[in-house]
Amino acid sequence: MLSVVPASVTVRAPSKVNLHLAVGDLRPDGYHDLRTVFQALSLHDQVTVAPADTLRVEVRGPDAASVPTDSSNLVWRAAEMVAERAGRTPDVEITIDKGIPVAGGMAGGSADAAATLVALDALWGLGAGRSDLDEIAAQLGSDVNFCLHGNTALGTGRGEQLVPVLSRGTFHWVLAIAKDGLSTPVVFRELDRLRASGDPQRVGDADELLHALGAGDPHALAPLLGNDLQSAALSLNPALRRTLRAGVEAGALAGIVSGSGPTCAFLVDDQRAAVEVSAELSGAGVCRTVRIASGPVPGTRVVDPARS
Ligand SMILES: C[C@@](CO)(OP(=O)(O)O)[C@H](O)COP(=O)(O)OP(=O)(O)OC[C@H]1O[C@@H](n2ccc(N)nc2=O)[C@H](O)[C@@H]1O
Ligand SMILES: Nc1ncnc2c1ncn2[C@@H]1O[C@H](COP(=O)(O)OP(=O)(O)O)[C@@H](O)[C@H]1O
């Protein structure tokens, strides 16, 4: 039977927030051991791959100018790695529709890379298994494995070793997106610096938080959100304190810096509260833009053209 080669494949690439992020000491390889609870959120990029005469990357959306389109874009390396394994050249055009804030601590680049793995697997009919994709993902970055898997998961190692976490129902979030991004390695270095000169408070274990997730209770979850990188992000961008305060004053149950920041993620009661808090926060002048999201959502998935 002849297999039909699709003209293009589009994949949805969700963002993430770290509900709990415990950072260990600096390892000899330059990374830190993490213990983190990820949740995939509905705010997403869309990645489309189509055959072309050479590898090309195009980025669309209001933030496109701050995303590279050369080999420093993570999707470029992702395409080269899949092509090498398939024994072919990576002659594809990759189009990224950016919805995730750039350098915002929401894994935008990692989500695009994960989406590229899934999209090329489908475009080229490779039939790669999850473990093949996971192997490539871990080489691309610490967050890429989670972006493939989505939902809610506990990450250890650099963050690439995952076990699924039971999460009941849907949690609602308001995201305050800052004007400028923060560099992930710079934030980790700042944490090392702060720890060398005083040891800022560390988040404890995640047991109670995992329980609150299983119960699907945002009120129980709110006080348990914690991020060791928050003190470093606030040290580099002190204005984020005002953003965090404004979200809670606007009615959020709690606010946290997402990953390495500077996006601030506010947990709210329900969809209605999300709309109210987002309107109030937009008017407070403490961030560039505000988005509403919910989670958990599945990881990178091919978009069914009939449904999009
Ligand atoms: C902090 C987190 C939390 O989920 O996400 P973001 O906030 O950036 O989205 C991740 O650990 C980021 O993962 P990712 O963005 O894939 O980072 P990588 O490319 O693997 O690493 C970039 C750099 O961050 C530092 N790094 C990253 C992960 C880790 N466990 N320890 C580290 O020290 C290292 O300096 C590394 O060179
Ligand atoms: N596909 C991509 N999307 C966004 N940024 C990318 C991408 N590929 C490479 N980058 C680079 O990676 C940096 C970190 O981006 P991003 O993944 O959005 O943030 P974070 O690591 O905070 O989650 C950006 O400043 C940009 O230079």
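**View 1. The shell around ligand 2.** Helix 2 (108–123) gives the largest share of the shell around ligand 2, with 4 residues. Helices (H or I, at least four residues) and strands (E, at least two) are DSSP runs, numbered from the N terminus. This is a predicted model: local features need pLDDT of at least 70, side-chain atom pairs count only at pLDDT 80 or more, and totals for chains, interfaces and linings use all residues. Residues are numbered from 1 along each chain as its sequence is written, while chains are lettered from A and ligands numbered from 1 in the order in which they are written. There are 20 residues around ligand 2, and N73, A103, G108, G109 and D112 come nearest. A residue is near a molecule if its C-beta atom, placed from the backbone, lies within 6 Å of it. The elements that give two or more residues to this shell are helix 1 and helix 2. By class, the shell holds 9 nonpolar, 10 polar and 1 charged residues. Here Ala, Val, Leu, Ile, Met, Phe, Trp, Tyr, Cys and Pro count as nonpolar, Asp, Glu, Lys and Arg as charged, and the others, Gly among them, as polar. Ligand 2 lies between domain 1 (9–165) and domain 2 (171–295), because both give residues to its shell. The domain bounds come from an automatic or database domain assignment.

**View 2. The shell around ligand 1.** Ligand 1 is surrounded by 20 residues, and G141, S142, P185, G259 and S260 are the closest. Strand 2 (32–51) and helix 5 (184–196) each supply at least two residues of this shell. The shell around ligand 1 divides into 6 nonpolar, 12 polar and 2 charged residues. Domain 1 and domain 2 each contribute at least three residues to the shell around ligand 1.

View 3. UniProt positions are given in the numbering used here, feature names are shortened, and annotations may be inferred rather than shown by experiment. P101 lies in the loop between strand 4 (92–97) and helix 2. G104 also has its place in the loop between strand 4 and helix 2. P101 is buried, because 24 other C-beta atoms lie within 10 Å. G104 counts as buried too, with 24 C-beta neighbours inside 10 Å. The scale is: buried at 20 or more other C-beta atoms within 10 Å of the residue's own, exposed at 12 or fewer, and partly exposed in between, with C-beta atoms placed from the backbone. Leaving out residues up to four places away in sequence, P101 touches M106, G108, I177 and T263. With that exclusion, G104 touches I177, G181, P262 and T263. Two residues are in contact if their C-beta atoms, placed from the backbone, lie within 7 Å.

**View 4. Helix 3 and its cover.** Helix 3 (residues 130–140) has L133, I136, A137 and L140 as its buried residues. Seen down the helix axis, they fall within an arc of 105°, so they line one face of helix 3. The arc is that of the directions from the helix axis to the C-beta atoms. An α-helix has 3.6 residues a turn, so residues three or four places apart point the same way. S131 and Q139 are exposed on the other side of helix 3. The cover over the buried residues includes helix 1 (74–86), helix 2 (108–123) and helix 4 (144–149). The UniProt annotation "domain: GHMP kinase N-terminal" (unreviewed entry) covers residues 73–150. That span, 73–150, is 59% helix and 8% strand, and its end C-alpha atoms lie 21 Å apart.

**View 5. Helix 6 and its packing.** L209, A212 and L213 are the buried residues of helix 6 (residues 207–215). They cover an arc of only 100° around the axis, which puts them on the same side of helix 6. These buried residues pack against strand 1, strand 2, strand 5 (152–156) and helix 7 (218–221). G216 follows helix 6 and has a positive phi, near 65°.

View 6. The centres of domain 1 and domain 2, taken over C-alpha atoms, are separated by 22 Å. In all, 24 residues of domain 1 are in contact with 32 residues of domain 2. On the domain 1 side, strand 1 (9–26) and strand 2 are the elements that give two or more residues. That side divides into 15 nonpolar, 8 polar and 1 charged residues.
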